[in-house]
Structure formats: structure tokens, C-alpha cells
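Please report on the complex shown here.

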Amino acid sequence: MDETFGNYRILGKAIPRVDAKAKVTGQAKYAADIEVANLLWGFVKRSPYAHARILNIDTSKAEKLPGVKAVTTGKDFGGFKWGWSGPTRDEEPLAVEKVRYQYEGVAAVAAVDEDTAQEACDLIEVDYEPLPGVFTPFEAMEEGAPLVHEDRPGNMCVEYHWDFGDVEKAFAESYLVREDTFQTPRQAKGYLEPPAVVAYWPDPDHLVYIGAKGSPYFPYRILAKCFNLPLSNVRIITPIIGSDFGGTKNDMTPADYSAVMLAKKTGRPVKFVTSQFDALTTDLRRHPMWITIKTGVTKDGMLKATYVKAVADGGAYTRMSPLTMFLTGTCMTLPYKLPNFKYDALNYFTNNPSSAAMRGHGLYHSRFAADVQLDMIAEELGIDSVEIRFKNSIENPKPGEVYETVNEVHVASCGMQECIEKVAEAVNWKARKGKKKAEGDKAYGMGFAAATYNGGTKLSAHNACAAIVRVCEDGSVNYLTGATDVGQGSDTIMSAIVAEVLGIALEDIDIKRVDSSFTPVDPGSYGSRVTVLAGQAAINAAEDAKKQLIEVAAQQFGVKPGDVEIKDRKVFVKSSPERNMAWERLVRVACYETPGKVIIGRGYSKQGISLLGLADFSKGVGDIGTNYSFTAQASEVEVDVETGVIKCTDNNVIAHDCGFPLNTQAVETQVQGGSYHQGISAAVYEEFKMDSGQTLNPNLIDYKRPRAYEAPMAQVIHVLTSDPYGPFGAKEASEGSTCSAPPSIVSAIHDATGVWIKDIPAQPEKVFWALKKKREKEQK
Amino acid sequence: MKGEMKELKLTVNGKPYELKVKPETLLVDLLRQELKLTGAKVGCLDSACGACTVNIDGKAVRSCSVLALQANGREVITIEGVADGDKLHPIQQAMIDHGAIECGFCTPGMVMSARALLAENPDPTREEVKESIQGNLCADAGYVKYIEAIEIAAKEMRGGQ
């Protein structure tokens, strides 16, 4: 039943998750479950205005309410500003002079219980001078539009202009040139666990912060700076995390800062648990984007040039928008060969909640536009969807060779063509042609898409992951990593890698979650970087520990270290395996033979990072990924032609090239979930409705998310390419299918009905009107 | 105004309790804050996500949608009471073995919804399995393996038939 790949003892198979038992029995502790003695509860006071000057904040009534222990406002933070990088530090922990989006935090209270803290927030009096706002990038770019940030003229947040090859010449030489505009929705991250934090100061010089953060070394660095502490005195502890998907659970929230400040003021632990309402109204969302794409092709459908203009709503603060706009552009030259490429990115500040990274970050927008447009081109030219993808795809480079794109992105392994072939075969693509597509009110159609995603993302500064393997004297092993499992399964992968390398059992490994007092610093869980980079660190740390133990064994056996191997918890002489010793005995000998060793293996990720250079965002060149995954997907939809309701059928196949599936089950759930929750959901269901900065559907009833009944029972096909820069050949498996799902669904709707939905989600009303318009046109 | 404390008698995971609670206390808050049973998760407090699902007299109920007093005289089972000591319930075991669980925040609710279904309907169709967890949002795993795991557990509980 379950597939097995490679010749490993543990890897390449279905590996049960190391944290699954705690999760399935309710024992796993998430941030909101954590209790410490003497705890106070916090609550954030928020602005009702989307854009207003703060004239005065009066906290006196709140302070007098019985049970209130402390109140904080932005002024307590002494002008501290933070952001993604030096030039983009434009946000305060709590707004001081101006609020720039609705429900931005302006003050916070710590009290004996949550009700009292909330009541006290109601007693805080804030005088505002409401200001006119801008609520779309098109309003923001208008001459004389109100400014979100006075020092940012034209409300320009991020701007890139890249030009590779000669796009104009290529368009002139093309047989067909098409220009289309596509739109992607303002989407919630979708985690069920709202952000939560407990902070306390064991003494005035030391801070402990326990929070739901996928990238715990973000608060480590930011809180040290904000509270003027050496990093050595900042202790970040990571509980179990209820998903992340980029954004808020990487970054800071007003509650994070307020918890630390109020704990400092009161000398007591302070806990904030964000409500889902606050999460849906103030947490970071996916950028809504308007993508205008112009593509030229030859008569037989070969891509000659693409020009993309991406206009994005960045929201109130810069956050990660510089990275978003880079990612939206960089992978336009993957997974198809593209000799000429031009890109203009325009990201504007607005008075909406800030936009940021989200699963499929950046690529999801532009690959959606490009892949749907490729189907439009295929239709015009009379070429099959699968054929046009296959022949434009980058071929798998020969071992030792690297494919370079026109914007200097480097690919050492590419299973794109194999993914396309396998999906086409699995859904019997050829046989579908000319088949009956309608039954009563229902029309059926299938769409095909191909996508790519960067794994092992490398940004401009600290990129290395590090690991410590501590072999205890009874043979059990502690694994210390700075990497954070937010649900993707990295704790299991890291444990499995260590066990595989050491030659012992998965049960022998006890992985520690991040505690910055003990675990090595790590960039974080974003950009599908954990398995690729933290996995390298795991291999290197385990190899280091193993080397030390093998030296001991070699001495015992009287042979050279190269003659000794460890396998199945046994150390032996390779040439005569009968000369062996149990793992526990080896470790005991090593630790107790006078003077006694302490076996600690250290390792960090080295591969890829300096190999091809880092990406240059302003020029648009270079690698953001250590390696790149490839995905093909075919999706069937059922369209109710009377009501416009779209339903995905179980006829949904995804082939994913993650290089090598370290844990086959985890790859499957990641691919299915990535396709479904953030892909299909964006294509068909999810969107925040806004009115002048106000979120109109800020709860999980009105903000429609697909549930089990809507879930296609997607089949996952593993495609192996063994990437030279990934651990055991692995690449990413979390985000590729988020990029292949939307174009496959939109093409399927077209296949069923003949209409192109260019602005997703294809909610019933939109589909209904598109079908009506088409019928009216046909009747004329 | 906050009301006076009321008496509440119920059993939770087989253990009888006699408590005094505020009338406005939600069952989920009683479980999490008073009884320290934090397995039921709070995702929304709108009865929309299902992460707080428990079983009351065998039925799947979202514990944020009922007052603690509404459980008076009833038998409440939470995720902490599903396993038989160290022996996991077949639904729990199937979810582990089949790799259904990712971040795990929805998992307790999924187990409780599936437990109620299989107690009433030992041989559900796929549509019935989907319907039983329709009130449980998952954020990351994509439902496929949860649905399959419930089917595997159902078969196991029927003695492999």
C-alpha cells in the first residue's frame, strides 16, 4: 500500500510523526494551554478608525478599575520601530501618533482575568482625528491621494523594474501575443490557532517569552532590541504550533510587545490569547494582486517573451512586501524555458491590514496568471494543454549540470516533464477529449496546470541552520535544533535523519523544541526552507557525533575508523561483521572509559548558500531557493450551470517532484493540504470582503473556508529527481501544489463551461454572471 | 451583571464532579480553565471551527456553543478520556498510522466527531464520514487522510469487516 523509496532503514517511507500521539490524545500544549503561577491576562485596545491621528490617550479610568494591574501605550516603547529590514522599519508596537488600519493596537491592559482586562480597554479614552484613507492600490497611486506614511510619497511601498533579454523584439517576432489581467484575492492565512503568548521576567535583566511563533528567532532578535537586552538574556520558548503559513506567526503583534511590557511593569507573567475576530481583522493577509501579463509565442506554442506588471495592495505597513514582490517576479522563468522577460512590480501602502507572506508566497499570483494564460494561448493555437506545457518545460539537467534562466536562477534537478506525463497518464487525459461534459444542470471539466516553488529559501543575511546531537550515556539521543515544526512535520524528519545517519532507531531520538537558551539560532520556518537547510544541519551534526563514536569503536576493535560502520543499533567491523558491539555498549564505553568522553555532534547547513550567490531584489537576479520543486496537477470540477456553484470532484491528481520524499506520508499531506487549503480555496472559496478598510466577514462563518464535504480526495504521485543540494536529494513539498491548484481549477471551469474566470475566487455569483453573459452573447 | 454561582453536577471522562459555576460560563471554559483539560481547543468561539468538540451523552457537541450548566446531569467525554489508559482508541491509532495529523490543533475535535459517528453508525459511507467532520475545520492537512483514517478505524472497530 504505502510506497517506499531509496535504500534507507527509516527514510523514504511512511514515518509516523513523533508528536502525533501527544496531539491525538490532547496532551500537546499549544501557547494558549500554557499556565504559569501568578498569571495576569492581557487585552489590546484597538482603533475603530482605519486612518486617524491620535490626539490623546487617557488611561486613568482603566487604571482605577479593580483588578487592573498595569496599562501600556505606544509611548512606553520610546520610539522603537520595527520591520523586516533596516529601511522598512516603519511600524510601532502600539500606534503612537497615527493609526493606519482598522483595529490597529493603541494600548493594552493586564488584569486579574480576561473579562476585567477587556472591560478596562473599554474605559481607555482615545481622541482621534479621522483622516481620509486609501483602500485600493489604485486609489493609493492617484495624484494627491492621502498618504499612509507621510515620508513615503505616492504611497509607494515596493517598486521593481527588471528587464532580461529583449522583450519588445521578441513580441514583434511572435506569431501570437496575448495580454490579460488576472486578480488574486485578499486571503486569510487560515490557521485555527489564533496567536497567543505568555511572557515574564524571572528577574529584571532576563526575559522569558513563550509564544505561538513559527520563526521564534524573530522575536528573539526583535525583543532584545526593543527592550535593550543582550541576546543571551532573551529566552524564547516554543510550544506546539497550530499552523503558521507565513506572516503573523513569524512576525510580531501588538499583543507580543504588550505582554512583555506589561510583565515588566507588573513583575508578573502576562498572557494574551488573540480572538479569532482579532486574528481575522488584524493579522497579516495574502496580498491581493492585479497581474497584467503579456506573452508572445511561436506558431507551435513555444514561449518567446513575457512581460508582467504586478500591482499589489501592501496594506498599512511594509512587512515582507519587498520579498513578496521579488518572489512574484523571480520564478516567471520557471518551470518553462523563457528567453525574454520583463517585470514591473508596484506595491502600494493602503489603509487595509498589512499584507505578507503566505504559503506559495509570491509565485502563487504570477504562476496562476501565466499558467491560465498559457491555456488561453493553447486554445487559440489549437494545441493541447498537456502538450504545450510539456514542450515548454525545462528538462531535467544531467548530473553535474545546472540549468540557468535568463534572470540567473539555477536549477540542478527538474522533474517537471515527468510530473506532467504522470498526471496526464493518471487522469487518462487523452481519452477525455471529445467526451460528453454535461449531465442535466451540471457541467464537468478538467484543467491542467504546472508549477514550481523554491525550497531552502535564502534571504540577505543569516541563512544557516545549525544543530546539536547530544548522545546520552545510555544510548538515547537529544536532538537540539533551532528549526520549528509548525505542523509540516519537520520534528519527525529531523529525528529520522539523525537516526538514519547514526544507525539507530527513530525511538532513540528525543527532539527538543526551540528554547533559545539552549537551541542554536535559526532563521525560521518560512520559504520551505526547513527540510532543505535544517535537514543538512541534521546530517552534519549526526555525522560529527558518529565520527567520534566510530573512533572509539575502531580503537576497541583495533582497526581503522574507515573500517567501522553502525547499523541497526550495532557497531561492527565492515569486513567481519561478527566483530560487533551493541549501540548502548559503544556509547557506554565511549562515555565511561577514563577519562570519559562527552559526545556532542555539531553541524550547520553549508550547501547551496554560497554556491551561486544570493538573490539581488532590485536587479531581479540570483537564487532565492537552494533548489526548486516542480508540480503538475489535473483537477476536475462540477459546475452547476443554474447557480454557478463549483465543486471539485475526487478526480484530482497531483504529481510532485520534491527531489526525494523523506517521509512519504508527510509529503502527501503537505501536497494535498497545500493544494486544497490555500490553492483550491483561493480559486473557489476564500476572500475577505472589505468596505473602506473594514473587514465585512471577520469570522469563520461568513469567511467561507472549504470543509471536508468540499474536499477532493486528491491522489499524490511522487516524482524523484534527487537534487544535489538537498538532504538525501530532498526539495520542498509544502508550497508547489498551492501554486498549481488555482490555474488547474480555473482551466477546469473553462473546460466545463467555456468561460474564463480571471479574478478568483470563482464564487457562485461571479460564475453565474459569467455564464449568463456568455449565453446572451451566443443568442445574439 | 454577572450572576451568582450555580451548582453543577456532571461526569467528565468518567469522573463525577460537583462544582459551582457562573451561569455564563461556557462548557469549554469550564473544561479548559477549571478542570485543566486543555485538549479541547478554542479556535473561534463562534461554533464554526469545531476544535472544541466533545461528546455529551455520546453526541458530538461544540463545547463553546453550550453553557457549562447545560451539561448538568450529563456525561461528558473529552479527548483526554478517549484512550483506554495507554491503549489508544482505533480512531486515534488510525489517525497516527495513516499520517492524518499535521499541526494537530483540529485533531481533538476530529476524533470526537468521528467517535460520535462510529458509535451510532459503525459502517458509514464516505459521504457520512465527510458529513460527520463537516463542522471541523482543518487548516493544513487537507482532510483526505482524516477521512481515510476514520474509514480505517471503522473497519477495525467492525473486526476488519
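What follows goes from the whole complex to single residues.

**Basis**

This is a predicted model; local features need pLDDT of at least 70, side-chain atom pairs count only at pLDDT 80 or more, and totals for chains, interfaces and linings use all residues. Residues are numbered from 1 along each chain as its sequence is written, chains are lettered from A, and ligands are numbered from 1, in the order in which they are written. The predictor gives the complex an ipTM of 0.98 and a pTM of 0.97. For chain B the average pLDDT is 96, and 98% of its residues score at least 70. The pLDDT is the predictor's confidence in each residue, from 0 to 100.

**The two chains**

Chain A holds 19 helices and 33 strands. Helices (H or I, at least four residues) and strands (E, at least two) are DSSP runs, numbered from the N terminus. The radius of gyration of chain A is 27 Å, close to the 28 Å that the globule rule gives for 780 residues, so chain A is as compact as a globular protein of that length. That radius is taken over C-alpha atoms, and the globule rule is 2.2 Å times the number of residues to the power 0.38.

Chain B has five helices and five strands. Its elements run β-β-α-β-β-β-α-α-α-α from the N terminus on. Its radius of gyration is 16 Å, close to the 15 Å from the globule rule for 161 residues, so chain B too is as compact as a globular protein of that length.

| Chain | C-alpha box | Buried residues |
|---|---|---|
| Chain A | roughly 95 × 75 × 50 Å | 60% of 780 residues |
| Chain B | roughly 50 × 30 × 25 Å | 53% of 161 residues |

A residue is buried if 20 or more other C-beta atoms lie within 10 Å of its own, exposed if 12 or fewer, and partly exposed in between; C-beta atoms are placed from the backbone.

In chain A, residues 24 or more positions apart account for 80% of the contacts with a separation of 6 or more. In chain B, 60% of the contacts between residues at least 6 apart in sequence join residues at least 24 apart. Two residues are in contact if their C-beta atoms, placed from the backbone, lie within 7 Å.

**Where the chains touch**

Which helix gives the most to the side of chain A that touches chain B? The interface brings 45 residues of chain A into contact with 41 residues of chain B. Both α1 (20-24) and α17 (664-685) of chain A supply at least two residues each to that side of chain A. Helix α17(A) gives the most, with eight residues. By class, this side of chain A has 21 nonpolar, 17 polar and seven charged residues. Ala, Val, Leu, Ile, Met, Phe, Trp, Tyr, Cys and Pro count as nonpolar, Asp, Glu, Lys and Arg as charged, and the others, Gly among them, as polar.

**Domains**

Domain bounds come from an automatic or database domain assignment. Chain A is assigned domain 1 (20-26 + 465-604), domain 2 (34-131 + 195-242 + 249-282) and domain 3 (285-458 + 612-779). The C-alpha centres of domains 1 and 2 of chain A lie 39 Å apart. Between them, 15 residues of domain 1 of chain A are in contact with 13 residues of domain 2 of chain A. The touching side of domain 1 of chain A divides into five nonpolar, seven polar and three charged residues.

Chain B is assigned domain 1 (6-80) and domain 2 (90-157). Their C-alpha centres lie 21 Å apart. Here 16 residues of domain 1 of chain B are in contact with 13 residues of domain 2 of chain B. Strands β3 (53-56) and β4 (59-62) of chain B each supply at least two residues to the domain 1 side.

**Local details**

Helix α9 (residues 321-330) of chain A is mostly covered, with 10 of its 10 residues buried. Those buried residues pack against β7 (156-164), β15 (303-315), β16 (340-349), β17 (355-356) and α10 (363-381) of chain A.

A cis peptide bond joins A:Leu334 and A:Pro335, with omega about -5°. A:Pro335 sits in the loop between α9 and β16 of chain A. The bond from A:Thr594 to A:Pro595 is also cis, with omega near 5°.

A:Asn228 is not a glycine, yet has a positive phi of about 50°. A:Asn228 is exposed, with 8 other C-beta atoms within 10 Å. B:Leu45 is not a glycine either, and its phi is positive at about 60°. B:Leu45 counts as partly exposed, with 19 C-beta neighbours inside 10 Å.
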